[in-house]
Amino acid sequence: MNIKKSMLYALCSMLCIGAANAATVDFYVGAMAGLGSLQTGGTNSFAQSYGALVGLDMPVVRAEVEYSYIHSTRSGADLNANLAFVNGYVKLTPTPMVKPYVGLGIGTLFAGSVSAGGVSEDMNTQVAYQGMLGVQSNIPATSLFVDVEYRTAYAPNIFEHADFWQNEVRLKLRYAF
């Protein structure tokens with residue numbers, strides 16, 4: 001059996017174990033904001049992002065669907081991009097108050113454009129990838145969780161010979177039902 005199948009079986013086993021004990025599975029909704037850098041075609045710029053997410057939180061793993069809107073302005077050019085991801089997270093050495101985690105996501109960059117001087121160019125819709133490293137903490141006596149994470153996102157060939165590469169620090173606020 002190859003390593004990809006082994007990892008898939010392990011992830012499915014963790015999800016099934018968590019789902020079997022419904023008391024340990026929390027459905028959540030949330031919002032996020034981030035600041036960082038964006039590189040497209042060799043040009044770096046400051047970027048900000050906003051988004052929404054829904055997911056399931058279990059003791060060791062977390063799964064979510066995320067939407068992000070990214071905006072960047074540099075030298076009079078505006079870049080706007082929409083991204084959608086399916087993310088999976090694994091909590092590393094979870095403790096009662098702080099849970100460090102690592103995550104991966106796959107999705108798509110869609111409905112993006114760059115405009116400058118009244119001329120707009122649409123981005124190609126492309127598959128996108130992201131990796132996250134962060135910490136999760138709950139606010140005592142509430143159903144609120146706060147995540148602080150570093151995220152890097154990549155989408156190839158959004159323009160002819162130009163890739164999309166974003167690095168940012170994000171703050172997430174999640175409400176568990």
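Mentor: A residue is called buried when its relative accessible area is under 20%, exposed when that value is over 50%, and partly exposed in between. The model is a predicted one. Tyr50 has a relative accessibility of 42%, and therefore counts as partly exposed. Tyr50 belongs to strand 2, which covers residues 43–57. Leaving aside residues up to four places away in sequence, the contacts of Tyr50 are Met32, Ala33, Tyr67, Ser68 and Tyr69. The C-alpha atom of Tyr50 is separated by 6.5 Å from that of Gly34, 16 residues apart along the chain. The side chain of Tyr50 also forms a polar contact of 3.3 Å with the side chain of Gln48.

Tyr69, one of the residues touched by Tyr50, leads on to Asn80: the side chains of Asn80 and Tyr69 make a polar contact at 2.4 Å. Asn80 is located in strand 4, residues 77–91. With residues up to four places away in sequence not counted, Asn80 touches Tyr69, Ile70, His71, Ala111, Gly112, Ser113 and Met123.

Arg62 lies in strand 3, which spans residues 61–74. Arg62 counts as buried because its relative accessibility is 2%. Its side chain is joined to that of Asp147 by a polar contact of 3.0 Å. Again not counting residues up to four places away in sequence, Arg62 touches a set of residues including Tyr28, Leu56, Asp57, Tyr89, Tyr101, Gln136, Lys172 and Arg174, as well as Asp147.

Terms used: Residues are numbered from 1 along each chain as its sequence is written. This is a predicted model: local features need pLDDT of at least 70, side-chain atom pairs count only at pLDDT 80 or more; totals for chains, interfaces and linings use all residues. Side-chain values use heavy atoms; hydrogens and water are left out. Helices (H or I, at least four residues) and strands (E, at least two) are DSSP runs, numbered from the N terminus. Buried means under 20% relative accessible area, exposed over 50%, partly exposed in between (1.4 Å probe, protein chains only). Contact means heavy atoms within 4.5 Å. A polar contact is a pair of N or O atoms within 3.5 Å; within protein, one must be able to donate a hydrogen and the other to accept it, and residues adjacent in sequence count only if both atoms are side-chain atoms.
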